[in-house]
Structures are given as C-alpha cells and as structure tokens.
Amino acid sequence: MKLKLLALLMTAAAAHVSAQVTDAMIANDAADESSVLSWGMGTQGQRFSSLTAINTKTVKNLAPVWSMSFGGEKQRGQESQPLIYKGKMFVTASYSRLFAVDVKTGEKLWKYEHRLPEGIMPCCDVVNRGAALYDNLVIFGTLDAQLVALDQNTGKVVWKEKIDDYAAGYSQTAAPLIAEGLLLTGVSGGEFGVVGRVEARDPKTGKMVWTRPVVEGHMGYKDGKENGISGTTNATWPGETWKTGGAATWLGGTYDAKTGLAYFGTGNPGPWNSHVRKGDNLFSASTVAIDVKSGKIAWHYQTTPNDAWDFDGVNEFVTFDMDGKRMGGKADRNGFFYVIDATSGKLQNAFPFVNGNTWAKSIDIATGRPNFVPENRPGDPAASADGKKGSSVFAAPGFLGGKNQMPMAYSPKTKMFYVPTNEWGMDIWNEPISYKKGGAYLGAGFTIKPLYDDHIGSLRAYDPKTGKMAWEVKNNAPLWGGVLTTAGDLVFWGTPEGYLMAADAKNGKVLWKFQTGSGVVAPPITWQQDGEQYISVVSGWGGAVPLWGGEVAKKVNFLEQGGSVWTFKLPKS
Ligand code: CA
C-alpha cells in the first residue's frame, strides 16, 4: 500500500516536472514537432521542420484557423517569431508587449504590457523579435533594455533585470537564447556608441553568470570576477575609440551542442566614419563564437574589417553539415554569403548573394579577408576643403544590407539555404562627429535607392557548396520577414505587401499565398497539434525600412500598419 502511494506521488512529481521546459527539451527542439521552444526553431537556427502533411500537393488547401489582434493604438513593426508549448502560443509585439494565446482557438489567455519610459531610443522601430521559454517562464527583452521573465500560466512577473541604461542608447529587441542552462542575450544600440556584449544569466533568477564584451579592450567577468580582456587593447582600434566602439549584438545568437559554442553576430563599429578608427576594429562586423561554459571567445571571423557602410555583421550563423563537417552559413549584410567551419572559424567558402557589390570584389578564401575596392570607401571629411564633408560614393548594398534582420532557413533535405535578400544601394558620405551620451554616433549622411525597377526584394535558394543560386522569387518592396522550410518541400516567407507565400523548395514555383492585411516582417513557424500541422505568422508592417526609406519610400509608402498573428492549417477532409 505504502509503495503504491509512493509510486503515485512519484508519478505526480514527474508530471509536474514534465510540464516545464527543460534543457533536454530545448536541445531536442528542432526534432520535436509538437512545440517551438526557441527563436530559429531549434538553437541552430535552421528553421526547418520535418512535418509533411502540408506539402507541395496539399498547400493549395491551406486556410486560416484564427487571427488575433495585438490591439492598441500603437502598432508599428511586428518582427516577432511565436513560440509554442503545451497548446499555448507565446508571441511578442511592438512596444514590448507579450501575449499568451490558445493555439487552437486564438483566444487571448493573458497579456503583459511593459511600462516604457519616455526617451527610449530604438534606432529602427519599436520592434521585438521573440521570447525564450525555460522552466515555467517566458522571458523577453524590452525597449528600455530590461529582461522580463513571466509565469507561462499567469503572465505574472517572476523576475526583472536591467541590462543597461536606455538613456545611453541601449535597448533590447532580439529573442534571448537558452544554451547549457544559461540565458544568453546581447544588446541593441549600435548607432549610439554603446559597447556590444554577450551576457549569460541564470534563466530562473536572472542572476548574471558571465559577460563577454565584443569590443577589443573591454574586460569580461564571470561569477563576479575578472575573466580576461577581449582581444588586445588598441591592437585594432586607435586611441580611445574602442571605448565607444559599438558592435551591438542586436540580433541575438545561435548555439550548437556539437561544438559547445554560441554564435553571436556583431554590429557596425562606431561611428560610421571609418577614418577616425583606422584598423580592423575587432570584434565589430564579425561572428563571435563564445564557449558557453567559460564565457570566453573561442574564435571570431570578421566579415567587414574597418566597416564604413554600416554593414552590421549581426546576421544569424546557422550551423549545418557539409561534407561530414559542422559548418555555419551566414548571409551577411555586406552582400556576401559565408560558409565557415563552426568549430575552428576557418572560412570554407564565400560568394555574393546579391548583385552589384561595390565595396569588395570578392573574399579571399585563404586569408578570409575581403578584396576591398579602396575608391568605393566614403572619403575622409578631414581631407575635404572645409573639413565638413568627405567625398560621397555610391555603395551597394546600401546600409540596410543585402540581408537584414530577417532570418533565413536551411533544409537538410534539399541542402539549400533560403535567403530573403534585397538589392539596393546608397549615396554615402562622412561628416565629423564626436561622442555624446545618448546621441546618434554616425558621422555619416546617406540616401538609399533601389538598383532595379522591378524589385528590391528577392527570396533566393543557394547551394552553400557551389554558391550557385537555384531559383529566386522577386518582390517589389524590400523583403523584411524571415523564412521557414519543411520536409513537405515548401518554403514559406512573408512580404511587406501583406502576403504569406509558399513555394516549392526545389524550384521556387509559388504554390499558395494569403493576404494578411498588413505587411509581414516576421518569420513563420510550423508545428503539430493533436495530429494536425499548423503554420503561424505575425503580420504588421514596420521596422527599419519605412523609417530610413530614402528613394525606396515610393515602393512602401502606401502600405498600412497592423498588428496580429495568423494561424493556418489544412481543412479536415
Ligand atoms: Ca547599424
């Protein structure tokens, strides 16, 4: 009798434990189709699902199940990827909001609205890209540079931690990453001379474990003690310039359990005027691989040394297998696609994924360095007659990049990357600038312009081994939403014109599209619930493009704002 009771108690305890998100579940996220626990649909960020019910034959029947409005008078850009766990969707929205929704009915279960102070300084709209799940918590970053952990069932605040001073330009827009039982986050604020870094916290309490600056010269810390300076002070930055060096880690990171490394991209160095910081300016515009256990940099690969074009190297580093080796693919803002050994950081392949790159002819595979075109670097204002404006150059890609925040997808089935690209350029020139806390730290002026009449955006399929483009689907407006691919041989992506699109992963033939009512600038997801495959995507036009549009404005100024999440499935036959 006693034994039976004990067994019952143990079952109850196990049931309680299994209701919570564990490290093992996060490690298995990409394979487990019943949930979506992390940004990237698995910490490697492949955004691939093995589900096949929705496929090239059935997708034509895909139909909406529900749509839920984020409401409010304030809408703006909705760049969030929803998470799914135990029949609940957790989705963030503009202005640092987070909703829990019943996945089958679309009924709102609870809402958290972060109280934002006056004077926040997000550079590129009031967006949020998603949350992280851990234990009984849903954790996300806010525009006033805080981390907030909420109870998944009630939406009540469990802990709250300040990342840094929003008045100095810090903010937080990326989804946090859980790896090896730690909550890994970066910072936003690269246009304000912040210092980029990666931080690891205890996800249950928010307590800091380690911090790793990604600008050379700054000290890292672990368990409250000094843990070594990043790089060598002044090796690649002159004078005091490293102290306001930027390199914001604003798009978050990916993690591969096989290498034990977390991969964070770093933004542009500050200021944009490259002449005041001669040198490579490590570790700006780079991929930085951090050993999660030690909080130290294992390797780095810099895509744009001494960046002069705002080529943030933040783009997601997606690990995959090629020729029996673990590689990482990265479609950089500078217009080149890089294939890098995920263990050593050695460059394996690099090729342009957009046309007309002006700043570099190619990437030298042996040295890993770009073959610069020196005359296409904007001129030094100090060399001009009145010292006020350097010579202007035309540069492509423009500063919004061959690719920006919208994450690509990789299919292990087709062995192709599906990359949301944009082809545009800019006139850019440098001006004198000095650092002022909370002030824009650019020292540059620019006008962005399209390169072609018929498109800016293009969804492109690339073979990472050959660098060959298999197919493309052009889009009039710039693409700003992420990509999903499935074993049903489908690729899903959204357009600013409001469509969620589905194409054949093998040849790019568009098989289905649905008008969501506002622009889609977020990545779609898929999962299985009670034996049925679902697709969800957030809709709501905004982000950097309408704020910085230049001559691109005429392609987007008719688009309407919104804020909702759509969910689709096949009708029951
Ligand atoms: Ca930037």
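**Aromatic contacts and cavities**

Modeller: One aromatic cluster is formed by F320, F337, F351, Y410, F417 and Y462. The model is predicted: local features need pLDDT of at least 70, side-chain atom pairs count only at pLDDT 80 or more, and totals for chains, interfaces and linings use all residues. Residues are numbered from 1 along each chain as its sequence is written, and side-chain values use heavy atoms, with hydrogens and water left out.

Biologist: How many aromatic pairs does a search of the whole structure find?

Modeller: Rings of Phe, Tyr and Trp (its six-membered ring) pair if their centres lie within 6.5 Å; planes under 30 degrees apart count as stacked, over 60 as edge-to-face and the rest as tilted. Searching the whole structure in this way gives 31 aromatic pairs.

Biologist: Which kind of pair do W359 and F372 form?

Modeller: A pair of aromatic rings is described by the distance of the centres and the angle of the planes. For W359 and F372 the centres are 5.7 Å apart and the planes stand at 65°, so the pair is edge-to-face.

Biologist: Is W359 buried or exposed?

Modeller: Buried means under 20% relative accessible area, exposed over 50%, and partly exposed in between (1.4 Å probe, protein chains only). F372, at 25% relative accessibility, therefore counts as partly exposed. W359 has a relative accessible area of 0%, so W359 is buried.

Biologist: What is the arrangement of the aromatic pair W527 and Y534?

Modeller: W527 is buried at a relative accessible area of 0%, and Y534 counts as buried at 2% relative accessibility. Their ring centres lie 5.2 Å apart with 20° between the planes, and the pair is stacked.

Biologist: Over the ring of which residue does the charged end of R47 sit?

Modeller: A charge sits over a ring if NZ of Lys or CZ of Arg is within 6 Å of the ring centre and within 35 degrees of the ring normal. The charged end of K74 sits over the ring of Y95, 5.2 Å from its centre. For R47, the charged end is 4.6 Å from the centre of the ring over which it sits, that of W39.

Biologist: What is the volume of the largest cavity?

Modeller: On a 1 Å grid over the protein atoms alone, a cavity is a set of points where a 1.4 Å probe fits but cannot get out; lining residues have an atom within 4 Å of a point. Grid points are joined across faces, edges and corners, and a volume is the space filled by probe spheres set on the points. The count comes to 4 cavities of 30 Å³ or more. The largest cavity has a volume of about 330 Å³.

Methods: On a 1 Å grid over the protein atoms alone, a cavity is a set of points where a 1.4 Å probe fits but cannot get out, and a pocket is an open set with protein on both sides within 12 Å along at least five of seven lines; lining residues have an atom within 4 Å of a point.
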